[in-house]
Amino acid sequence: MAMAANDTAILRVSGLTKHFGGLPALSEVGFVARKGQVTALIGPNGAGKTTCIDCLTGLLRADRGSMVFDGRELSGLPPHRIARLGIARTFQNLRLYPRLSVLENVLCGLSAQAGDSFLEAFLRTPALRHRERRLRLAALEALDTFGLSAKADWPAGALAYGDKKRLELARAFVSGPQLLLLDEPVAGLNPEETERVAVLIRQMRRGGVTLVLVEHDMDLVMSVSDHVVVLDGGRRIAEGAPEDVRRNPLVLEAYLGKMSVTA
Amino acid sequence: MGSFQDFLQFVFSGLTSGAIYAMVAIGFGVVHNTMGIVNFTQVDFVSLGGMLLYGGLVGATLPAIMALPAAVAGVALAGALVELVGLRSSRSRDHLVLILLTIGLSIILRGAMQRIWGKNPLAVPPLSGERPLRLLGASLLPQAVWIFLFTALTIGLLVWFFRRTTAGLAMRAVASNPTAAAVVGLRVPRVRTASFALAGALGGLAGALVTPIATLRYDVGVLLGLKGFAAAILGGFGSFPGAIVGGLTLGLLESLGAGYLSSAWKDTIAFLILLLVLFVRPHGLLGKAGGA
Amino acid sequence: MTAQRAAAFAERHHTGLAVVGLSLALALVPLFLANPWKLGVLNLIGVHAVIALGLNLFVGYAGQISLGHAAFFGLGAYGSAILTTAFAMPPLAAMVLTAVGVALTALLLGVPTLRLTGHYLAMATLGFNIVVHNLFVQWDRVTGGPSGLTGIPPFSVLGVAFPGEVRAYYLLWGAVMIALTLCLNLVRSGVGRGLAALAEDEVSAAAMGVNVRRGKIVVFTVSAVFASVAGSLFAHYLGTITPDTFGIFASIDLLLMVVIGGMGSLWGSLAGAAFITVLPHLLGPLEAYKEIIHGLILVGILLVLPRGLVADMAGLARVRLARGWSALTGRPA
């Protein structure tokens with residue numbers, strides 16, 4: 001992995017803590033994601049990875065801690081405002097809109113740019129029409145990039161699982177986010193589809209997108225990540241370059257001590 | 001003193017309606033806890049209770065001691081049927097669809113009652129005579145005493161049911177985690193039907209008890225049911241003690257408000273309280289924050 | 001203009017062309033239909049259609065539920081009636097003022113209740129309907145009580161009045177076409193997509209940047225305003241209004257129109273409004289069972305085609321059309 005010229009940290013998480021009832025899902029978690037790099041967030045099941053993503057995107061309110069993105073503090077912001085800052089995400093269990101078409105799903109990914117004036121929408125102003133055309137083109141391009149063009153008019157619920165995973169990716173990617181949070185993008189995919197996603201991730205990284213990747217598939221993590229953060233039981237137990245982390249005895253113990261799934 | 005007697009009068013009247021609201025509120029809570037929906041047919045269970053009691057007492061000239069349990073059992077059966085025929089077969093688990101289904105079923109029940117018993121108000125004989133008793137200077141209808149007795153008895157039975165019987169525990173398990181309940185072998189669909197039957201019994205009992213002192217019409221349950229719902233929200237939707245607290249509180253507030261402010265707007269009070277609670281503290285007096 | 005160019009134009013502007021086509025067809029109807037009673041039924045369908053369109057935005061698109069829209073309908077009717085009779089206000093001004101009042105009422109009702117799940121909104125709107133209906137019946141000094149208000153003048157704008165069935169037809173169906181155009185515009189915009197997204201999955205929609213709370217509140221208010229305008233036009237059309245028209249059964253009828261037509265299908269709302277308005281006349285001897293039949297229809301549709309008749313069939317047609325189109329033209333979308 002060559003060192004990127006711009007090694008600045010675009011996301012700084014520190015002291016992130018979240019309890020559910022009495023249970024600590026996250027305890028003083030901190031890490032850094034560098035601009036234009038892929039930072040992987042790994043750890044056994046229940047380590048708090050998705051909770052971390054949920055806090056970053058405003059779905060959950062952390063009890064303590066700070067998350068600074070590009071100089072902006074994220075804690076306390078509602079999800080739609082965080083999205084408008086240029087942060088997009090995918091969901092582990094897929095949250096597509098099954099009754100909307102594939103194209104409409106991707107267009108929803110552009111909600112932040114679609115304007116939010118009801119009046120403008122009711123009157124269908126020329127500005128809105130112009131914007132709609134532009135958004136539609138961007139959506140079609142994204143469908144093309146993710147190999148879903150042929151199924152643009154299909155209801156999203158009718159897609160095969162692999163296609164759904166890629167649709168979820170396309171929807172997150174289409175808005176040209178500065179930070180893309182992927183929650184287990186290859187879970188349940190076969191090796192061929194996994195490689196397809198890996199190619200897309202590398203493509204996005206080349207395009208300058210900063211990615212935070214939550215994954216269990218160690219091969220994928222090792223092959224695409226610049227930086228790896230390891231969580232276990234809500235705490236950060238290791239952080240560093242992929243090769244170093246994989247040899248870290250603490251990390252091995254965390255994984256061997258529990259049942260973990262690797263592709 | 002006159003004004004103390006008035007006050008006491010309002011309190012008795014408020015507690016009486018409050019007990020009814022509490023029972024309806026528990027009925028709402030039971031279905032909400034096991035199925036996650038607001039069951040609109042609950043309001044018709046109340047009307048049906050009154051109707052079946054009327055049918056038993058006047059139509060079949062049964063003695064009250066037979067007519068009342070028969071009415072309650074009848075509504076319980078109706079509740080089970082509603083779930084079995086109406087909801088079980090729904091292809092969609094979408095909450096919006098289920099709510100609309102209960103609305104449709106509610107219309108059917110109401111329409112059926114209207115056809116069978118007509119649109120006009122009916123007079124249901126009270127359980128034990130109409131001469132008011134005097135208590136501490138205020139008058140108390142004997143029916144009100146029956147309402148208190150039955151409500152207390154019902155609450156006691158429900159507490160025993162939910163704590164000590166397998167059926168009750170099964171219901172609590174399904175309410176808490178239907179997937180886990182299914183995994184450990186509980187027949188979730190059966191529990192749901194049972195909870196509808198229980199909701200029916202509660203609504204039917206409330207209707208059978210209150211309609212001798214309120215008027216009985218095919219749609220009497222709508223207003224009562226709405227207030228029962230407001231009581232449930234006030235106390236904390238889905239909470240058993242909340243339903244009781246909410247019911248009694250609502251009854252008292254309504255009665256005192258109607259007595260001291262204006263009786264024409266009595267029905268508005270329940271709705272205003274409903275809105276106020278939703279605005280300020282949606283989880284109600286006894287509910288936990290963060291739940292909906 | 002070659003056939004290919006014409007086809008491309010038609011495809012790009014298919015919505016606008018459909019609206020224009022329907023408008024032309026509707027404009028011609030009174031020329032062929034002289035029977036005032038039949039026109040009257042059509043006019044009533046028009047009133048219901050305006051409400052159903054607004055309600056569909058809220059229930060069908062945004063996936064919420066309201067059992068109280070007859071209250072907004074009634075407020076529009078009584079508002080306009082009172083302002084034009086007791087205060088001799090011109091009908092258009094009265095309609096606008098009433099609509100503003102209704103919008104504020106909807107905001108006041110929606111802000112606290114739309115925060116929570118649909119069940120609470122359903123009951124709150126039901127309660128709202130009961131209270132408003134009570135208001136119409138009890139406040140007889142202002143509303144005329146159970147016998148309602150009479151002597152409401154026909155609608156007029158700048159001296160042009162709309163008395164009689166034929167003129168009312170053009171006024172009402174003109175309103176329907178305007179409402180339909182506004183709604184179609186909304187659903188084809190980013191805001192409209194946001195509503196559809198939040199109906200499917202609020203969490204996901206918020207993560208995409210949709211302001212869920214604001215969307216719900218605005219669409220609720222918009223649907224209330226549609227109902228209010230329909231109410232105003234209704235009051236001027238009939239000249240007489242009574243509280244009975246605005247009770248909870250009416251609210252359920254309105255919901256039924258949306259469900260039958262298809263939740264989310266605007267064209268379907270027109271069909272739904274037509275069906276429910278005409279149904280009592282079709283029932284004949286069964287009219288006494290009207291409520292039960294309504295309930296059975298609602299339950300039947302929900303059990304078999306949860307998304308409603310028109311929407312489900314249109315949805316299936318859309319997929320088949322899309323695949324067929326790709327096969328024909330060799331183009332993907």
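Predicted model: local features only at pLDDT ≥ 70, side-chain atom pairs only at ≥ 80, totals over all residues.
**Helices that cross between and within chains**

Residues are numbered from 1 along each chain as its sequence is written, chains are lettered from A and ligands numbered from 1 in the order in which they are written, and side-chain values use heavy atoms, with hydrogens and water left out.

Helix 4 (residues 95-117) of chain B packs against helix 12 (residues 248-261) of chain C at an angle of about 130°, with the axes 12 Å apart. Helices here are DSSP runs (H or I, at least four residues), as are strands (E, at least two), numbered from the N terminus. Axes are lines fitted to C-alpha atoms, for helices over the stretch in contact, and angles run from 0 to 180 degrees between N-to-C directions. Chain B brings B:Leu100, B:Ile103, B:Ile107 and B:Arg110 to this contact, and chain C brings C:Phe249, C:Ile252, C:Leu255 and C:Val259; contact means heavy atoms within 4.5 Å.

Now step back to the whole meeting of these chains. It takes 45 residues from chain B and 44 residues from chain C. Together the two chains bury about 3,900 Å², 81% of it on carbon and sulfur atoms; buried area is the accessible area (1.4 Å probe) lost on putting two parts together, summed over both. On the chain B side, B:Leu100, B:Ile107 and B:Arg115 lose the most area to chain C, together 15% of what that side buries. Between chain B and chain C there are zero salt bridges, a salt bridge being a side-chain nitrogen of Lys or Arg within 4 Å of a carboxyl oxygen of Asp or Glu.

Helix 12 of chain C has another partner to visit. Its axis and that of helix 13 (residues 266-283) of chain C come within 7 Å and cross at roughly 130°, so these helices are oblique to each other too.

Finally, look for charged pairs. The structure holds 19 salt bridges over all chains. One of them joins C:Glu200 to A:Arg99, with the closest N and O atoms 2.7 Å apart.

Notes: Parallel < 35°, antiparallel > 145°, perpendicular 65-115°, else oblique.
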